Amino acid sequence: MNSISAMPANSAAERIVRHFQSAGFPGITEALVIRIGLKKGDRAEIEAAFERASDRDARPPLGEYFEIRPYGFYSELRSFAAAKAEMPTDFGLNLRRKVPAIYFDRAPVVIDDALATGTKYDALVKFSDNMLDYAVAVLLNDPTSSFFEYLDSHRGADWKTILGEFENAAGSFDQEVELF
């Protein structure tokens, strides 16, 4: 199905999916590249707010502190419109709680959701440091969990080409579609 929406990093999203598939991991079927911008606050304030939400078993206040926009999309199973419609459930609580780490920590950052199934995203990955006050990260869907086996056995392999494509797309990003 891939994506009919023109976004700067669609080709990067497809390249990520194809890269893992060609390495023998056919379970990786979808990549959603997102751009995360800071709306307000500093790391201490944001982490405290996210911790308070976690203590109450509530959703973290993503929309209050971060602007998250689509940057690129590729899927073999669904359209961007379908993925966007399912974002509230597919971008699970375990990944949402770690968005401050994705934004503030230096790359690489890999967050996983071991409980993700079906179309729910299994991983949130930041491959490069922030650019122009934005973090660029990738939500991956890997129902077979082979992605983490791949990372453990192929650290650093072929990332430079993928990262270069991310950096080129980052400079030209101009999407007006809010995910949250």
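Among contacts between residues at least 6 apart in sequence, what percentage join residues at least 24 apart? In this predicted model, the share is 72%.

**View 1. The whole chain at a glance.** Welcome to a chain with nine helices and five strands. Of the 180 residues, 49% are buried.

**View 2. The largest nonpolar core.** Here you can look into a core of 27 residues, where I36, F66, F91, L124 and L139 have the most contacts inside it. Elements giving two or more residues to this core include β1 (30–38), α2 (43–55), β2 (66–75) and β5 (134–141). Another core, of 18 residues, lies apart from the largest one and has A12, V17, A31 and F127 among its members.

**View 3. The surroundings of L139.** Beyond its neighbours within four places in sequence, L139 is in contact with several residues, among them L32, I34, F91, Y121 and L124.

**View 4. An aromatic cluster.** Four residues, F50, F66, Y103 and F104, form one aromatic cluster. F66 is buried at 3% relative accessible area. The rings of F66 and Y103 are 5.7 Å apart at their centres with planes at 55°, so this pair is tilted. Here strand β2 is linked to helix α7, 37 residues away in the chain.

**View 5. Charges over rings.** R35 lies over the face of Y134, 3.8 Å from the ring centre. The charged end of K40 sits over the ring of Y65, at 5.3 Å from its centre.

Methods. Residues numbered from 1 in each chain as written. Predicted model: local features only at pLDDT ≥ 70, side-chain atom pairs only at ≥ 80, totals over all residues. Heavy atoms only, no water. Helix = DSSP H or I, 4+ residues; strand = E, 2+ residues; numbered from the N terminus. Buried < 20%, exposed > 50% of the residue type's maximum accessible area, 1.4 Å probe, protein only. Contact = heavy atoms within 4.5 Å. Core = buried A, V, L, I, M, F, W, Y, C linked by side-chain atoms within 4.5 Å. Phe/Tyr/Trp six-rings, centres within 6.5 Å; stacked < 30°, edge-to-face > 60°. Lys NZ or Arg CZ within 6 Å of the ring centre and 35° of its normal.
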